[in-house]
There are 2 protein chains.
Amino acid sequence: MTKPATRIQKRNQAAILSAGLDIFSQYGFRGSTLDQIADAAGLSKPNLLYYFSSKEAIHAALLDRLLADWLDPLQALDAQGDPVREILAYAKRKLALSKDYPRESRLFANEILQGAPRIESILRHDLKALVDEKAAVIQGWADAGKIAPVDPYHLIFSIWALTQHYADFDVQVRAVLGDRAPYDGAAVFLDMLYRKLLTP
Amino acid sequence: MTKPATRIQKRNQAAILSAGLDIFSQYGFRGSTLDQIADAAGLSKPNLLYYFSSKEAIHAALLDRLLADWLDPLQALDAQGDPVREILAYAKRKLALSKDYPRESRLFANEILQGAPRIESILRHDLKALVDEKAAVIQGWADAGKIAPVDPYHLIFSIWALTQHYADFDVQVRAVLGDRAPYDGAAVFLDMLYRKLLTP
DNA sequence: TCTTGGTTTGACCAGATGGTCAAAAGGACG
DNA sequence: CGTCCTTTTGACCATCTGGTCAAACCAAGA
């Protein structure tokens, strides 16, 4: 029996979550302050705490929303599909996530860097189970000779690393590339890399 | 005419830097406190401030020490050597850095995530110059047909991403792999990946 | 218009945080 | 032992930080 959120509630909650994402993704949980977030959201601190009961609550809401979207692309890897195409498509989806949701990627990176205190159990259970399942699929493809015999776990790690790098290390990438756009070259490079790696 | 550091100075400065590395690499600059660092170093806060004039000073000393070691492996990439062997050796050196100095890797990651306020100019100048130089070398190898025609910048990014991932996302990697050792499989995987990618 | 419930705010609080300082304690060396 | 310089500490401070609360403000329906 939860009452429907009012127009103002929706607007302010969205503003707070966006502001929280800005701040938390840059400074991590401990390094972020409610004043910063309230400022970024255009609200006073007590007003912010009217919508979320604590700093923790904002962070938790963001992590919740993140984790679903984060595991989704791997979930979609289809054991019945064409192996190389499936893996390339997964890499492409992850790269698109980095491009379109870099703040979410950095929020996740910050959480992991701090030792993942709030999501370690999710990593240990949900994430591990999902990766185990998909690794078995990839191992099956390798055993059947449909792709080159690669360690499926490190293959998945490599996709995470290569795609998230462009969001997490954005500042460094741009410092090196100057005014050239990162993501076009990245897409071409990743396509070639995985095509050559996976061809038996 | 700087006086030579005493035995006690050396011991305490080393303890402070190690403690600072522990804390800063986990929580970032803003999220770390002097009390935490003093605790980890086994000193009182005023005593800590007797050796380093401020929180900033500890952090700056760590970044200084880091950056030299960080650029070194790429510097060693030899235009006269065998192309594939040189690039593989670079990847191997970076992977060894991740394995042996994970705290340094995470310190760097934290700094970049926060927008690299303290090292952006170094990235823009020193790092960019070094990468430009080595990218030209790799481009030359590609043009000469000695390696496959890959974008040298994204090749270098990929080495950074793939190696640092094991240090920066250590918690996640271990959560997925369970008790299996990450670095042995990683070395084999990276070797195969770059061998297949670079073979013309 | 009045009422009612959601919304916003200023003032406030306890504890944390970066940093200071004078004084005490320790070590090395004649 | 006495001296001098280094090292350590307890007490302290201003500011920041997460969070509370009562009161004021506003929007919308009766």
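In chain A, the centres of domain 1 and domain 2, taken over C-alpha atoms, are 29 Å apart. Domain 1 covers 1-53 and domain 2 covers 62-198, with bounds from an automatic or database domain assignment. Their contact (heavy atoms within 4.5 Å) takes twelve residues from domain 1 of chain A and nine residues from domain 2 of chain A.

This is a predicted model, in which local features need pLDDT of at least 70 and side-chain atom pairs count only at pLDDT 80 or more, while totals for chains, interfaces and linings use all residues. Residues are numbered from 1 along each chain as its sequence is written, chains are lettered from A and ligands numbered from 1 in the order written, and side-chain values use heavy atoms, leaving out hydrogens and water.

Back at the interface of the two domains of chain A, one salt bridge is found (a side-chain nitrogen of Lys or Arg within 4 Å of a carboxyl oxygen of Asp or Glu). A:Asp22 also forms a salt bridge with A:Arg103, with the closest N and O atoms 2.9 Å apart.

Now turn to DNA strand C. A polar side-chain atom of A:Gln9 lies 2.7 Å from a phosphate oxygen of DNA strand C, and for A:Asn12 the corresponding distance is 3.0 Å.

How values were computed
Polar contact = N/O pair within 3.5 Å; in protein donor to acceptor, adjacent residues only side chain to side chain.
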